[in-house]
There are 2 protein chains.
Amino acid sequence: MAAKTNPIPSVWARRQREPDQPALSRAAIVREAITMLDAEGIEALSMRKLAARLNAGATSLYRHVATKDELMELAVDEVFGEITLPPADSPDWRAAATEAAGAFRATALRHPWLSSILGQAGLAYLGPNLMSYGERLTAFFASAGFPEPARAIDTVISYVVGMSTTEAAWLTTVARAGESEAEFIARLMPAAQEATAGFDHLTDAYAVATADPEPDPAAVRDAKFAYGLDVVLDGLALRLPR
Amino acid sequence: MAAKTNPIPSVWARRQREPDQPALSRAAIVREAITMLDAEGIEALSMRKLAARLNAGATSLYRHVATKDELMELAVDEVFGEITLPPADSPDWRAAATEAAGAFRATALRHPWLSSILGQAGLAYLGPNLMSYGERLTAFFASAGFPEPARAIDTVISYVVGMSTTEAAWLTTVARAGESEAEFIARLMPAAQEATAGFDHLTDAYAVATADPEPDPAAVRDAKFAYGLDVVLDGLALRLPR
DNA sequence: CCTGCCATGCGAACACTGTACGCATTGAGG
DNA sequence: CCTCAATGCGTACAGTGTTCGCATGGCAGG
């Protein structure tokens, strides 16, 4: 370490890469970036820290990745590859859509930084995994009989992205506080109550929400997501011919 | 300018604030931040540049705003104040909801940086304008007869946020390219065509989309948004008692 | 009118960030 | 063996958000 910061031009300081450490590569960089993003959040990822984890110099990464934004784009496409979709020829399109929506939500919650990037870059990336995701989605909405599957997909995806984004941001806030979700809610309640003071309908809604006997916040979120998804799918079902 | 970088302790360098320049205040800072965000995008906003626009020193802002994140939070609440909602006692809840959704979308597209922040922070802020927005929304969903207005609101808001976010991100990308939307689409088409190659359903959907006689991309986006919103409202209508 | 206080403004500094540049080292191919 | 292209990386630059301590001014109390 001391020799590293003071590079004496000597034979003994000769570089000698660990052979077991797999060589630097685009795939390895993206993989490590994702685990780092998952573990420490989006604002903790810097090129220097990432390089350090890979036992590499900071600027070495730029041999494999043009810019940090490009790295993020690659990371997004990579996690889209994780999303498992039901087979395209499922007989029950509603069940298939529900499963696909749930799979997206699960990935979004597992990688909360995804929402941050989607908020900035949208779904405009053209990576192969994203394309294949769109392809399979289109496939079984088309086979369900929707004349314009793209319309249906845009609708359900918008709902899922909107809800998942809100959830992911919430979970990020909770995680940053270093508390469990229930603890954080308990600590937030006075502030929320004060904020809703003077707003009659909101205090009503708030009272209803806190009267919920369900103690598990995650279950509450699950139910909320399922409710809205059912609403969207009901609306789509009305548009199926016949 | 030269004197500023070399502060000679002289009587003549005595400070002398312009009296016409309104004093630094939290409201003025937030307002200027918003115009700057609108004009140059979220990544162009720095505390130093913002301070320079206000003829102030960079660190002076911290007397009125604890941190940059807090400033963003204030900016978000401020633009939520712009959203105009229909009166709470509208007889036609669908028309009212459509108007409210359109108003949100309009603000989101006018301030594309909003989506970036929502992606990171969600809707968890407790600012007064955000509260009042929620209150009024709850009010007329309740008066429409929904037994659990919060559920309905969450659903439609999720859809609106998801769609608007995607649109805003798209518009940001277009703006950064310095082209009109149509030009950008034209330039993007080869890449998109190549990306969809090998995905049968996607190429189909792509062909359908490009066969659209509507030449105005904004109108296409409007129609897409309206379609999905109708789907969601149809689904909600099924849940109205009776 | 004088005095002391306190809110406000701000220059300098710190620890970081993403990234351009140019030099060293390496392994492969002629 | 020599050459060349690919790869790693130290240094440097222009910025970032934010802290600290000092200067300044207007206002309250005597």
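Biologist: In which helix is T165(A) found?

Modeller: This is a predicted model, in which local features need pLDDT of at least 70, side-chain atom pairs count only at pLDDT 80 or more, and totals for chains, interfaces and linings use all residues. Residues are numbered from 1 along each chain as its sequence is written, chains are lettered from A and ligands numbered from 1 in the order in which they are written, and side-chain values use heavy atoms, with hydrogens and water left out. Helices are DSSP runs (H or I, at least four residues; strands are E, at least two), numbered from the N terminus. On that basis, T165(A) belongs to helix α8 (residues 149-177) of chain A.

Biologist: Is T165(A) buried or exposed?

Modeller: Buried means under 20% relative accessible area, exposed over 50%, and partly exposed in between (1.4 Å probe, protein chains only). Because its relative accessible area is 10%, T165(A) is buried.

Biologist: With which residues is T165(A) in contact, leaving aside its neighbours within four places in sequence?

Modeller: Contact means heavy atoms within 4.5 Å. With those neighbours left aside, the partners of T165(A) are S115(A), L118(B) and G119(B).

Biologist: How much area do chain B and chain A bury between them?

Modeller: The size of an interface is often given as the accessible area lost when the parts come together. Here buried area is that loss (1.4 Å probe), summed over both parts. The contact takes 50 residues from chain B and 50 residues from chain A. Of the area buried between them, 68% is on carbon and sulfur atoms, and the total is about 4400 Å².

Biologist: How many salt bridges are there between chain B and chain A?

Modeller: A salt bridge is a side-chain nitrogen of Lys or Arg within 4 Å of a carboxyl oxygen of Asp or Glu. The side chains of R239(A) and D234(B) meet in one, at 2.9 Å, N to O. Between chain B and chain A the count is four salt bridges.

Biologist: Which helix supplies the largest share of the side of chain B that touches chain A?

Modeller: Helices that each supply at least two residues of this side include α6 (113-121) and α11 (217-237) of chain B. The largest share is twelve residues, and it comes from α8(B).

Biologist: Which residue has a side-chain N or O atom 2.6 Å from a base oxygen of DNA strand D?

Modeller: Near the strand means that a heavy atom of the residue lies within 4 Å of it. In all, 22 residues surround DNA strand D, and R63(A) and R48(B) are among the closest. The side chain 2.6 Å from a base oxygen of DNA strand D is that of T59(A).

Terms used. Polar contact = N/O pair within 3.5 Å; in protein donor to acceptor, adjacent residues only side chain to side chain. Buried area = accessible area lost by both parts, 1.4 Å probe.
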